Amino acid sequence: MKDYQRAMLLLYPHLERYAENLRGYARAKALASSLGREDTEACVEKIIDCVHGQRCCLLLKALLEEVLGSLTAEERLFLDYKYFRRAGEDGQVALGYSRRTYFRRQLRLEEKLNADFLRRGMDERWFLRTFGKVPAVRLVFERV
């Protein structure tokens with residue numbers, strides 16, 4: 001699995017909250033703009049960046065829900081353990097599989113997700129072009 005794909009999956013549970021935070025920040029910035037402590041153009045640019053970031057987060061969430069919706073219940077469980085609950089190596093015990101089987105199934109799932117992302121046009125270039133300017137997305141991608 002590619003780093004940008006890992007970043008998208010790690011971001012998934014937090015995208016809605018992050019979009020809401022951006023919306024609140026943009027609203028507060030707009031209200032504070034009447035105080036005139038900041039250059040109008042700079043203020044407007046920050047608001048536009050927030051709105052863009054919010055839309056990007058909601059778009060990514062919708063696209064990921066489409067991809068994740070195509071998974072079987074077992075595949076979703078494997079994904080939950082690896083990316084959302086961060087269970088790590090304890091996951092194979094909780095799922096009832098041997099360590100070897102657990103990692104083989106994780107590898108198959110990653111291959112399936114990679115193919116699904118690419119089939120939908122969600123490659124690294126698309127990811128960076130679409131989400132590269134969103135601070136939280138960029139931060140997670142850089143740390144993956």
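Colleague: Hello! Why are F127 and F131 said to be separated by about one helical turn?
Modeller: Because F127 and F131 are four residues apart in helix α7. Helices here are DSSP runs of H or I with at least four residues (strands are E, at least two), numbered from the N terminus. In general, an α-helix has 3.6 residues a turn, so residues three or four places apart point the same way.

Colleague: Before we go on, what kind of model is this?
Modeller: It is a predicted model, in which local features need pLDDT of at least 70 and side-chain atom pairs count only at pLDDT 80 or more, while totals for chains, interfaces and linings use all residues. Residues are numbered from 1 along each chain as its sequence is written, and side-chain values use heavy atoms, leaving out hydrogens and water.

Colleague: Thanks! What makes T130 buried?
Modeller: Buried means under 20% relative accessible area, exposed over 50%, and partly exposed in between (1.4 Å probe, protein chains only). T130 has 17%, so it counts as buried.

Colleague: And why are F127 and F131 called buried?
Modeller: F127 has a relative accessible area of 1%, so it is buried.

Colleague: Which residues of α7 are buried, then?
Modeller: W126, F127, T130 and F131.

Colleague: How do you know that they are on the same side of α7?
Modeller: They cover an arc of only 100° around the axis, so they share one side of α7; the arc is that of the directions from the helix axis to the C-beta atoms. The face turned away from that buried side carries the exposed residues R125 and R129.

Colleague: What covers the buried residues of α7?
Modeller: The cover includes α1 (3-11), α3 and α8 (135-143). Contact means heavy atoms within 4.5 Å; leaving aside neighbours within four places in sequence, T130 is in contact with H52, C56 and L59.

Colleague: What makes F78 and Y97 a tilted pair?
Modeller: Rings of Phe, Tyr and Trp (its six-membered ring) pair if their centres lie within 6.5 Å; planes under 30 degrees apart are stacked, over 60 edge-to-face, and the rest tilted. F78 and Y97 have ring centres 5.5 Å apart and planes at 35°, so the pair is tilted. F78 lies in helix α4 (residues 73-84) and Y97 in the loop between α5 (91-95) and α6 (99-119), 19 residues apart.

Colleague: Why is Y97 called partly exposed?
Modeller: Its relative accessibility is 25%, so Y97 counts as partly exposed, whereas F78, at 3%, counts as buried.
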